[in-house]
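Thanks for coming. I have one structure to go through today, and I will keep to a few contacts in it. Please have a look at it first.

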Amino acid sequence: VQLQASGGGLVQPGGSLRLSCAASGSIFSIPTAGWYRQAPGKQRELVATITGGSSTTYTDSVKGRFTISRDGAKNTVFLQMNSLKPEDTGLYLCNADLLTTDWRTLRDYWGRGTQVTVSS
């Protein structure tokens, strides 16, 4: 079982990126997931979450700019990031609870991160 984040890169202020977090292996579904970011010299910050009922939460600094969503058929969670600012720079990591095909719940599963750099 793996969680793999992708989609990061270098973007100018005001630009957009779409991050993906794909679960592979014997995964039936992703009941809950979250995106975190780690900026140099700062604590890891929870950016957005999505639950089984598709309820979402966001940290105040990204409300109205970021959208978390998922594709259940592909066991993938997305983070659409618009109007990016330099302070959004960081390593973005996904975290999830995973339901396997043999009905085990893998809690607090971390994937490798993807770097987002917002700079002109």
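D97 has a relative accessibility of 17%, so it counts as buried; buried here means under 20% relative accessible area, exposed means over 50%, and partly exposed lies in between, computed with a 1.4 Å probe on protein chains only. Before going on, note that this is a predicted model, where local features need pLDDT of at least 70, side-chain atom pairs count only at pLDDT 80 or more, and totals for chains, interfaces and linings use all residues. Residues are numbered from 1 along each chain as its sequence is written, and side-chain values use heavy atoms, with hydrogens and water left out.

What does D97 form a salt bridge with? The partner is R107, and the closest N and O atoms are 3.6 Å apart. By salt bridge I mean a side-chain nitrogen of Lys or Arg within 4 Å of a carboxyl oxygen of Asp or Glu. R107 is exposed, because its relative accessible area is 62%.

Now the strands around that pair. Helices (H or I, at least four residues) and strands (E, at least two) are DSSP runs, numbered from the N terminus. Strand β9 covers residues 90-100 and strand β10 covers residues 105-110, and the two pair in the antiparallel sense over 4 bridges. Two strands count as paired if DSSP finds at least two bridges between them. Together β9 and β10 form a hairpin, with 4 residues between them. In the turn, W103 has a positive phi of about 65°.

How many salt bridges does a search of the whole structure find? The search finds 6. As a general point, side chains of opposite charge can pair when their charged atoms come close.

Next, D88. R37 forms a salt bridge with D88, with 2.9 Å between the closest N and O atoms. This pair links distant parts of the chain: R37 sits in strand β4 (residues 27-38), D88 in the loop between β8 (76-81) and β9, and they are 51 residues apart. R37 and D88 are both buried.

D88 also forms a salt bridge with R65, where the closest N and O atoms are 2.8 Å apart. Here R65 lies in the loop between β6 (56-58) and β7 (66-71), 23 residues from D88. D88 has a relative accessible area of 1%, so it is buried. R65, at 10% relative accessibility, counts as buried.

To finish, salt bridges that share partners join R37, E45, R65 and D88 into one network.
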